[in-house]
Structure formats: C-alpha cells, structure tokens
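Here is a short report for a reader new to this structure. Please look over the sequence and the model before reading on.

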Amino acid sequence: VVFADAFLRGMRDIGYKNTSYAMAELIDNAIQAGATKIDVIFGFERGAKPTQIAIVDDGWGMTPRMVRASLIWGAGTRLDNREGFGKYGYGLPSASVSQCFRVEVYSKDEGGTWARAYLDVDEISRGEWTKDHRISSPPEEGAEPPSFVTDYLHQQKRSPLESGTVVVWDNLDIGRVDYKRREELRNALLTNLGIIYRQ
C-alpha cells in the first residue's frame, strides 16, 4: 500500500519543529517505560561535530521481538491505553528519520540480554529491504550498545544497566540537526528540553 521511497521522504518531512522536539518523542517513550534517568550522549568520529546521538534510559526495556517492532510504523502496543503519551507506534521511527539516515535501537528487559534492530533510510531507498514488492526489515540480533555509550555509563558508575533502551541516531542529517557543533547543540537541547519538560 506504499512506495517505500516516497513514504520515507514523507516521514522524514513530517514536521518536527527542531531536534529537541524530535528527541522529546523518545524521551516520552522512556518516561512511559518507567525510566528514572535519561541521558543524551554525543558520539564523535572526528573534531567537535557530533556524528551520533544516543538517548539512553533505564526503563523496563524490551524483549528482542519488541526491539524490531519499535522501528515499524504502526506497530504500537498502546492502542487501547488512554494513559501516557504514544499509542500508534509512529513516534520513534518518525522522529528518528527526521534527524538521521540510520537509527539503531538496543534494549534489554530485566534478566535478558541486549538485542539490536535498525532502520536505514539509504538501504530502504536503494531497495535492499524490498522483496516481492514488500518491504521487510532485517531481524533483530544480539548486540551490545556502541562503545561511546558503554564508556559513558561506565564513567558515570551506572554500568551495566539492569534494563533499559538505547536509541542511537547515526549518520546525522547535518541539514536537519539544529546545530553542528557540540556546545551549540548541547545548549539548544538543554534550553528546549527544559521548556518542554518544565513541569
């Protein structure tokens, strides 16, 4: 019922006011999942420009199958739940592709192990996920979060997480992320997220 490339372009242009508002979708998910601490961590390949952004929470986490489902538009699990924020499962993938070309989700529930799934705009646009006119994402796999996340959590003496979720925005779209340099982006996020969550 959709053409993959056109659908993705539409989702990328869905109209988030700025990077902070897109990130707030993920923060809302973390709050809904019972998180008591949420971190925003920058990853750098070179220089002072972040090349990755991770949103890390210590909420309930997800089973491996849920990790993959979290990146499928419309695969929400709260259709009959009138409490909280999201219902339909559009927030995480839509917010993410509005800011980057690849998003990876790592999660584990209590007693479980880390699982990873990803969504890659370029791979979908090239038709790598299309077979028999259907778009299908790769299966989830066991994988630890990237080192820039685990190193930060270790430095903060919060490693290992018993449960939680890590969303990594990779291959950032420099035309969409508010500011390219670390301090400017950090200050914008602090200001805007402070306003959004002031209460």
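Over residues 77-82, pLDDT stays under 50. The model still has 9 contacts beyond four places in sequence for residues 77-82. Residues 84-88 also stay under 50 in pLDDT. For residues 84-88 there are 14 contacts beyond four places in sequence. Here pLDDT is the predictor's confidence in each residue, from 0 to 100, and contact means heavy atoms within 4.5 Å. Where pLDDT is low, the predicted coordinates should not be read in detail.

This is a predicted model, in which local features need pLDDT of at least 70 and side-chain atom pairs count only at pLDDT 80 or more, while totals for chains, interfaces and linings use all residues. Residues are numbered from 1 along each chain as its sequence is written, and side-chain values use heavy atoms, with hydrogens and water left out.

## The chain as a whole

The chain averages a pLDDT of 87. At least 70 is the score of 86% of the residues. Among the elements, helix 1 (residues 4-12) has the lowest mean pLDDT, 63. Strand 2 (residues 52-57) has the highest, 98.

The chain has 7 helices and 8 strands. These are DSSP runs, numbered from the N terminus: helices are H or I with at least four residues, strands are E with at least two. The chain holds 199 residues, and 44% of them are buried. Buried means under 20% relative accessible area, exposed over 50%, and partly exposed in between, with a 1.4 Å probe and protein chains only. Of the contacts with a separation of 6 or more, 69% come from residues 24 or more positions apart.

## Two packed helices

Two packed helices are described by the angle between their axes and the distance between the axes. Helix 2 (residues 19-32) packs with helix 7 (residues 182-196) at an angle of about 55°. Their axes are 9 Å apart. Axes are lines fitted to C-alpha atoms, for helices over the stretch in contact, and angles run from 0 to 180 degrees between N-to-C directions. Helix 2 and helix 7 are therefore oblique to each other. Angles under 35 degrees count as roughly parallel, over 145 as roughly antiparallel, 65 to 115 as roughly perpendicular and the rest as oblique.

Which residues make the contact? Helix 2 brings Thr19, Ser20, Tyr21, Met23, Ala24 and Ile27. Helix 7 brings Ala188, Leu189, Asn192, Leu193 and Ile196. By class, this contact of helix 2 with helix 7 has 8 nonpolar, 3 polar and no charged residues. Ala, Val, Leu, Ile, Met, Phe, Trp, Tyr, Cys and Pro count as nonpolar, Asp, Glu, Lys and Arg as charged, and the others, Gly among them, as polar.

## Two buried residues

Valine 56 is found in strand 2. Valine 56 is buried, with a relative accessible area of 0%. Its contacts, not counting residues up to four places away in sequence, include Lys37, Ile38, Val149 and Leu161. Valine 56 and lysine 37 are 19 residues apart in sequence and 8.2 Å apart in space, C-alpha to C-alpha.

Proline 146 sits in the loop between strand 7 (141-142) and helix 6 (147-155). Proline 146 is also buried, at a relative accessible area of 18%. Leaving out residues up to four places away in sequence, proline 146 touches Tyr106 and Val168. Glycine 43 is 103 residues from proline 146 in sequence, yet 9.4 Å away in space, C-alpha to C-alpha.

## Backbone details

The loop between helix 6 and strand 8 (164-172) holds proline 160. A cis peptide bond joins serine 159 and proline 160, with omega about 0°. Lysine 157 also lies in the loop between helix 6 and strand 8. Lysine 157 is not a glycine, although its phi is positive, about 60°. Lysine 157 is exposed, with a relative accessible area of 75%.

Asparagine 171 lies in strand 8. Phi of asparagine 171 is positive, near 50°. Asparagine 171 is partly exposed, with a relative accessible area of 40%.
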